[in-house]
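This briefing is meant for someone meeting the structure for the first time. It begins with the chain as a whole and then turns to its core and to individual residues.

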Amino acid sequence: MTYDHDAIRKAYPSVIMIDDDAGIFDEDGNAVTVEQSKVDEARVELNKLNYRGIRGLKYPNVGDQLDDLYHKGAFSDEMAAKIKAVKDAHPKPS
């Protein structure tokens, strides 16, 4: 049998060993019987987390996003003045 190791560990945090041949065991060496419904729920949660992580890596970094907003005039005058002060004090090297 092949187990969904990550989902089992999420559903059963006390599990320390998952062996596709020997079975699933907790920290005391006791065999753990898993409920497929719990593993399926854990898999759904892990997929959500993976989706967020992958999607987050695809966005431009926050600094680039904020710089774009600044250059397009999307900030209030007060915030634009604060950003300009930082940019003036620390100019981009040429």
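**Overview of the predicted model**

Of the 94 residues of the protein chain, 14% count as buried, and this figure, like the others below, belongs to a predicted model. The chain contains 4 helices and 2 strands, which follow one another along the sequence in the pattern α-β-β-α-α-α. With a radius of gyration of 24 Å, well over the 12 Å that the globule rule gives for 94 residues, the protein chain is more spread out than a compact globule.

**Overall dimensions, contacts and surface**

- Taken along the principal axes, the box filled by the C-alpha atoms of the protein chain is roughly 65 × 25 × 25 Å.

**The largest nonpolar core**

- The largest nonpolar core is made up of 10 residues, namely Ala-7, Ile-8, Tyr-12, Val-15, Ile-18, Ile-24, Val-32, Val-39, Ala-42 and Leu-46.
- At least two residues of this core come from each of helix H1 (5-11), strand S1 (15-19) and helix H2 (36-58), and the largest share, 3 residues, is supplied by H2.
- Ile-24, which is one of the core residues, is in contact with Tyr-3, Ile-8, Val-15, Met-17, Ile-18, Asn-30, Ala-31, Val-32 and Val-34 when its neighbours within four places in sequence are left aside.

**Lys-72, between two helices**

- Lys-72 has its place in the loop that lies between helix H3 (62-71) and helix H4 (77-89).
- The relative accessibility of Lys-72 is 62%, over the 50% cut-off, and therefore this residue counts as exposed.
- Lys-72 and Leu-49 are 23 residues apart along the chain, and a distance of 33 Å separates their C-alpha atoms.

**Ala-81, within helix H4**

- Ala-81 is found in helix H4, and its relative accessible area of 47% falls between the cut-offs of 20% and 50%, so Ala-81 is partly exposed.
- From Ala-81 to Gly-56 the distance in space, C-alpha to C-alpha, is 29 Å, while in sequence these two residues are 25 residues apart.

Notes:
Residues are numbered from 1 along each chain as its sequence is written. This is a predicted model: local features need pLDDT of at least 70, side-chain atom pairs count only at pLDDT 80 or more; totals for chains, interfaces and linings use all residues. Side-chain values use heavy atoms; hydrogens and water are left out. A nonpolar core is a set of buried Ala, Val, Leu, Ile, Met, Phe, Trp, Tyr and Cys residues joined through side-chain atoms within 4.5 Å. Buried means under 20% relative accessible area, exposed over 50%, partly exposed in between (1.4 Å probe, protein chains only). Contact means heavy atoms within 4.5 Å. The radius of gyration is taken over C-alpha atoms; the globule rule is 2.2 Å times the number of residues to the power 0.38.
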